Amino acid sequence: MKPVHDMGVAELAAALKSRALSSREATQALLDRVAAQDAQLGAFLHVDADGALARAAAADAALAAGTAGALTGVPVAHKDIYVTADMPTTAGSKMLAGYRSPFDATVVARLNAAGTVSLGKLNCDEFAMGSANENSAYFPSHNPWDLSRVPGGSSGGSAVAVAARLVPGVTGTDTGGSIRQPASFTGITGIKPTYGVCSRYGMIAFASSLDQAGPMARSAEDCALLLSAMSGFDERDATSVNQPPQDFHAQMLAAREGAAAGKPLAGLRIGLPREFFPAGLSVDVNAAVRAGLAELEKLGATLVDVSLPRTELAIPVYYIIAPAEASSNLSRFDGVKFGHRAAKYDDLLDMYKKTRAEGFGAEVKRRIMIGTYVLSHGYYDAYYLQAQKLRRMIADDFQQAFAQCDVIAGPVAPTVAWKHGEGKDDPTQAYLADIFTLPGSLAGLPGMSVPVGTGAGGMPVGLQLIGNYFKEGQLLHTAHALQQATDWHRAAPSGL
């Protein structure tokens, strides 16, 4: 039998169900690996070893009694943007250092109910604001493929934990690409479902109209199993879509009508937006993405040219809307009810000022200030309202493209992961790296990153797949077919 750390979610679940190993054995093996490896990786902000072993014992009892579900006993970990009752939640910020929530986020509660064993909380950019995981108030995460490089963000700790084989599956969040981009940079698979498919209840808000939960794991099959457990209507979340529970794993395995052996994607039209392949796209990323597309053609898919003409506008639109919502959401962190409070202050206003100055990092302050500006009197109409109009036009562009294709494909990011510190003095450089992920986020569409090779320095490259609303099953089916025919998703960093 393989070592536990070499097993993905589906493989480990099967081994547990067959009683080839126990959840306690699997959990202890991964806890030992975290203890040995994470000091150099920085993936975890909190490890709950005692709690994990207790949950593993309960899972083993359910497995022995025959009452186990599809994920019972499988170790996971959660991005520290989700509140948890039995572990601290910081959102990667000093503002929430030591905070303990009285309840679990819905996504966490559902995975707990499915029998998963949580090992701890994962590092992230502060309040999920960043593209490199260098904005964590505690320490940066390091890409296991090259420790001198970033893992992407804001779900960088989540991506590192999976890529370094510390845990088979994790939760992340995606506001403007924060599942897809780190998945691409670390050679794993990640999916952001349609906005509203997963509850945001208990997810510390950054930009409420954009934030969405999703899983990150080794393969499309692993993601399908996790997403099935995570998703579903939640009456406590006003943005939750009221639809029946989905079995994304079954949808992933369902054969396409007209498909034949060796051609599982027969009849699938994959749209290639010309705006996703600009002259500025790095040669190595382009080559890896084209190799992935060639494999999809071999599996029966047809490539068609489409256009998303307002792609370039996604960056200014996003960086008006997201900071505006952040300005509103983060106003609650004032030192009064919970979180950090300045030790010395003269009066209430002075407490507000000192608390927020001490508690927030530079990038969070920058976005709050931008958001407050665009929402202020005299600028709301000129900036925020215009950005919302353009957002609708970007969504309309996608619908016109989907009239010609079933799935849209392209790169996740213009380059492979960059070195730590690069662009630190110019935050707009990191903003520009989101050019291919932002349009889908603004439209609320499902999207995923699937490994398709390596680029400069042997760093991973992901292929982005974007589907129409509630077409997660189709995306997962496409990615699964690709992964059944290739080994890119099985590649692991050396030396770990």
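Is Tyr-379 buried, partly exposed or exposed? Select Tyr-379 and you'll find that it is partly exposed, with a relative accessible area of 33%. Here buried means under 20% relative accessible area and exposed means over 50%, with partly exposed in between (1.4 Å probe, protein chains only).

Before you click on, remember that this is a predicted model, where local features need pLDDT of at least 70 and side-chain atom pairs count only at pLDDT 80 or more, while totals for chains, interfaces and linings use all residues. Residues are numbered from 1 along each chain as its sequence is written, and side-chain values use heavy atoms, with hydrogens and water left out.

**Stop 1**

Helices (H or I, at least four residues) and strands (E, at least two) are DSSP runs, numbered from the N terminus.

**Stop 2: salt bridges**

Next, show the side chains of Arg-366 and Glu-363, which meet in a salt bridge (2.2 Å, N to O). A salt bridge is a side-chain nitrogen of Lys or Arg within 4 Å of a carboxyl oxygen of Asp or Glu, and by this rule the count comes to 16. Arg-366 and Glu-363 are 3 residues apart in helix 12, so about one helical turn separates them. Arg-366 is partly exposed at 32% relative accessibility, whereas Glu-363 is buried at 9%.

Then jump to Arg-55. One of its partners is Asp-48, with the closest N and O atoms 3.0 Å apart. Asp-48 is buried, with a relative accessible area of 13%. Arg-55 also forms a salt bridge with Asp-86, and here the closest N and O atoms are 2.8 Å apart. That pair links distant parts of the chain, 31 residues apart: Arg-55 lies in helix 3 (residues 49–65) and Asp-86 in the loop between strand 2 (75–79) and helix 4 (106–113). Asp-86 is partly exposed at 38%.

**Stop 3: helix 4**

Color helix 4 and pick out Thr-106, Val-107, Val-108 and Leu-111, which are buried. Their cover includes strand 2, strand 4 (169–174), strand 6 (212–217) and helix 7 (220–230). Just after helix 4, look for Gly-115, which takes a positive phi of about 100°.

**Stop 4: the core**

Which residues touch the most other members of the largest nonpolar core? Select Phe-44, Phe-127, Phe-398, Met-448, Leu-463, Leu-465 and Leu-476, out of 145 residues in that core. Helix 10 (residues 314–329) gives the most to this core, with 10 residues. A nonpolar core is a set of buried Ala, Val, Leu, Ile, Met, Phe, Trp, Tyr and Cys residues joined through side-chain atoms within 4.5 Å.

Zoom in on Phe-398. Leaving aside neighbours within four places in sequence, its contacts (heavy atoms within 4.5 Å) include Leu-308, Ile-408, Pro-439 and Ile-466.

**Last stop: two cysteines**

Finally, select Cys-198 and Cys-223. The sulfur of Cys-198 is 11 Å from the closest cysteine sulfur, in Cys-223, which is too far for a bond. A disulfide needs a pair of cysteine sulfur atoms within 2.5 Å, and by this rule the count comes to 0. Cys-198 is buried at 0% relative accessible area, and Cys-223 also counts as buried at 0%.
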